[in-house]
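Here is a friendly briefing to read alongside the model. Please have the sequence and the structure open as you go.

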Amino acid sequence: MAVDSSIIEAVPISRAIAQRHPAANILRTVLFRIGSAIFVLWGAVTITFIVLTILPGDRATILLNITSGQTIARTLEELAPINAMYGFDQPILTQYIHYVGALLQGDLGTSFELQRSVANIIGEQIAPTFTLAASALLLAWIFAVPWTLFTAGRGRRIGAFGSATETIMAGLPQYWIGILLLIIFAIGLRWFPVIGGTSFMNTVLPTVTLAIPLAGFLGQSIRSEFDRTMREPFVLSARARGMSGAGVRARHVLRHALIPGITLSGWAIGHLLSGTVLVETVFARPGLGAILVNAVSNKDFALVSGCVILNSFLYVVINLVLDTIYLVVDPRLRGAA
Amino acid sequence: MSEVAKDVRSSSSSNPLLTAIVTVPSSIVLSALVVLFFLIAAIVPSVLSTHSAFDTDLLSSLTPPAADHWLGTDEIGRDLYSRIVWGTRGSLLIGLGAMAVALAGATVLGFTAALAPRWVAEPVNRILEILLAFPTLLLALLFVALLGPSATSLLISVGLGTTPGYARLIRAQTLKVKQSGYVEAARALGHSWQTVFIQHIAPNAFRPLVGLVALGIGQSVVWASGLSFLGLGVAPPSPEWGALLEAGKANITVAWWLEIFPGLAIVLVALSFTQIGQYIQDLAEGNTR
């Protein structure tokens with residue numbers, strides 16, 4: 001693990017600099033975070049590779065059966081050219097080095113079923129999925145912030161009502177919310193199209209579906225921090241200076257309360273991308289979800305692992321960016337690596 | 001809280017169990033009733049069902065909810081209410097089994113990451129960190145792809161998919177207990193690590209998990225039914241709830257009940273288990289404080 005040792009070596013030197021320069025302190029922390037992000041990514045790739053290699057059933061057999069649409073045992077003569085073409089006959093370590101090397105060049109392999117580059121397939125399908133995930137996150141924030149602002153720290157009864165609503169929202173399965181919205185607003189009221197697509201009208205219901213449970217989770221985390229911050233002395237002092245209750249909530253308390261919400265958003269993006277799998281199926285919406293479900297049921301491991309690696313890559317990168325933003329925004333974190 | 005409840009609490013401080021029973025909030029009572037209903041449905045479905053789960057009746061296909069068929073019928077006239085009741089056992093068993101798989105894996109990994117010597121604990125901890133970069137559904141999908149769709153692979157996949165999160169929780173809890181005063185005291189008294197682990201660390205690290213297990217069963221039912229809904233779990237002739245949802249997809253424009261009610265069963269189970277789980281967690285925290 002070359003990554004780790006280089007960080008350890010870098011630490012004492014930069015610590016000496018950091019005592020005089022706070023900016024260097026931030027830089028050291030950021031470098032450390034980048035190091036651990038690379039480590040997590042490397043681990044995710046390696047685990048995916050191990051899963052791919054140890055899978056029950058011979059990969060060449062699966063490949064032949066997918067492309068021919070049959071499920072039969074294959075003879076060695078049939079398998080030999082496939083094994084040679086994909087390099088399955090090489091030692092595991094050689095395969096691993098090839099796999100990682102190709103990944104570093106953005107090559108996610110070739111789909112077993114479609115016989116096309118996985119990167120291209122994902123590239124074609126990612127736009128509607130990404131639109132859906134991003135707009136769901138935005139909408140969840142639009143739901144959660146006013147809701148918390150109006151119900152948190154306003155006595156036990158309102159707080160209990162607010163938090164009960166959040167618990168129910170967070171606990172609802174995405175696919176059932178989707179079905180409910182589809183039946184009420186598309187089939188019953190005919191406000192939205194029933195047949196899936198990627199236009200604006202087709203995106204509204206899937207977005208709301210994904211946003212509801214996420215708003216529940218966001219609300220829960222913002223609320224507990226909001227309640228905690230309301231008891232801080234600086235809130236009392238702001239009130240004593242004559243600031244209005246609403247002003248204190250919006251200007252001081254909310255700012256603190258948003259921090260756990262932002263952390264949760266980083267986590268949420270990884271989960272939203274996989275949550276779209278279910279929602280895209282409900283609404284018959286084109287995107288990565290349909291591709292992934294099909295790949296899983298056909299044992300198209302190249303495509304499945306491509307989606308998995310892409311998801312963990314986005315997850316790691318987004319969290320790295322968020323962590324870095326914190327360091328800039330929140331001075332309290334600068335000391336701790 | 002009513003006056004009576006307050007009185008009971010103050011007068012029976014010598015009997016904490018009685019206090020706990022009397023002061024249970026109504027939402028928990030409701031959740032317990034829901035869980036009881038589905039437990040009966042899982043153990044003796046014939047008591048609750050009104051029809052057979054598999055007998056077809058083509059003359060009354062796709063009838064909306066009515067007195068004869070409480071929740072309507074499907075495209076070949078099978079009674080939906082009875083199918084949901086008969087599907088309870090499969091759905092709950094998969095949820096329970098997945099939680100058992102997750103708990104077994106998470107206990108081993110969590111304890112190892114917290115208590116093993118550094119050269120073992122550190123790599124385990126790192127692997128957990130890596131696995132957490134995979135969303136639960138994606139990890140479960142990866143295992144379904146490997147094992148092929150079936151009830152058993154569903155159970156294993158959902159269990160393994162939820163393992164890393166629980167393992168981190170157990171690790172955090174164990175570290176907290178390990179650093180507590182009573183463990184230090186027991187060590188100072190000369191007890192071996194084995195004794196300390198069995199008598200102090202394991203019971204105290206497990207106590208908060210009781211609530212988590214209840215919570216996790218509900219979530220596992222949601223995940224497993226979701227995978228069946230995607231066509232990657234239990235296949236349609238089975239009345240498992242996710243399979244019911246998948247079967248109803250084809251008729252969604254004409255028979256809303258086929259999608260709403262199986263989903264409602266999943267939601268009721270998930271919410272009830274979550275409520276009870278959180279309540280138990282709060283109780284456990286209150287007791288240790």
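Predicted model: local features only at pLDDT ≥ 70, side-chain atom pairs only at ≥ 80, totals over all residues.

Residues are numbered from 1 along each chain as its sequence is written, while chains are lettered from A and ligands numbered from 1 in the order in which they are written. Chain A has 13 helices and 0 strands, and chain B likewise comes to 13 helices and 0 strands. The predictor gives the complex an ipTM of 0.82 and a pTM of 0.83.

**The two chains**

- Helices (H or I, at least four residues) and strands (E, at least two) are DSSP runs, numbered from the N terminus.
- Chain A reads α-α-α-α-α-α-α-α-α-α-α-α-α from the N terminus on.
- Of the 337 residues of chain A, 36% are buried, and for chain B the figure is 45% of 289 residues.
- A residue is buried if 20 or more other C-beta atoms lie within 10 Å of its own, exposed if 12 or fewer, and partly exposed in between, with C-beta atoms placed from the backbone.
- In chain A, 72% of the contacts between residues at least 6 apart in sequence join residues at least 24 apart; in chain B, 64% of such contacts do.
- Two residues are in contact if their C-beta atoms, placed from the backbone, lie within 7 Å.
- The C-alpha trace of chain B spans about 80 × 55 × 25 Å along its principal axes.

**Where the chains meet**

- Chain A brings 38 residues to the contact and chain B brings 31 residues.
- On the side of chain A that touches chain B, the elements giving two or more residues are α2 (22-54), α7 (156-171), α8, α11, α12 (288-297) and α13 (301-329) of chain A.
- That side of chain A divides into 26 nonpolar, 11 polar and 1 charged residues.
- For these classes, Ala, Val, Leu, Ile, Met, Phe, Trp, Tyr, Cys and Pro count as nonpolar, Asp, Glu, Lys and Arg as charged, and the others, Gly among them, as polar.

**Helix packing in chain A**

- Helix α8 (residues 174-188) of chain A packs against helix α11 (residues 245-282) of chain A at an angle of about 30°, with their axes 9 Å apart.
- α8(A) and α11(A) are therefore roughly parallel to each other.
- From α8(A), the contact uses A:Gln174, A:Tyr175, A:Gly178, A:Ile179 and A:Leu182, and from α11(A) it uses A:Gly275, A:Leu278, A:Val279 and A:Val282.
- The contact of α8(A) with α11(A) has 6 nonpolar, 3 polar and no charged residues.
- α12(A) and α13(A) pack at an angle of about 135°, their axes being 8 Å apart.
- That angle makes α12(A) oblique to α13(A).
- A:Leu288, A:Ile291, A:Leu292, A:Ala295 and A:Val296 of α12(A) meet A:Leu303, A:Val304 and A:Cys307 of α13(A).
- The residues in the contact of α12(A) with α13(A) are 8 nonpolar, no polar and no charged.
- Axes are lines fitted to C-alpha atoms, for helices over the stretch in contact, and angles run from 0 to 180 degrees between N-to-C directions.
- Angles under 35 degrees count as roughly parallel, over 145 as roughly antiparallel, 65 to 115 as roughly perpendicular and the rest as oblique.

- B:Ser82 lies in helix α5 (residues 80-115) of chain B.
- B:Ser82 is buried, with 24 other C-beta atoms within 10 Å.
- Leaving aside neighbours within four places in sequence, B:Ser82 is in contact with B:Ser49, B:Thr50, B:His51, B:Ser52 and B:Ala53.
- B:Ser82 and B:Ala100 are 18 residues apart in sequence and 28 Å apart in space, C-alpha to C-alpha.
- B:Gly190, which follows α9(B), has a positive phi, near 95°.

**Confidence**

- pLDDT is the predictor's confidence in each residue, from 0 to 100.
- Chain A has a mean pLDDT of 81, with 89% of its residues at 70 or more.
- Among the elements of chain A, helix α1 (residues 2-18) has the lowest mean pLDDT (43) and α8(A) the highest (91).
- Chain B has a mean pLDDT of 85, with 91% of its residues at 70 or more.
- In chain B, confidence is lowest in helix α1 (residues 3-11), at a mean of 48, and highest in α5(B), at 92.
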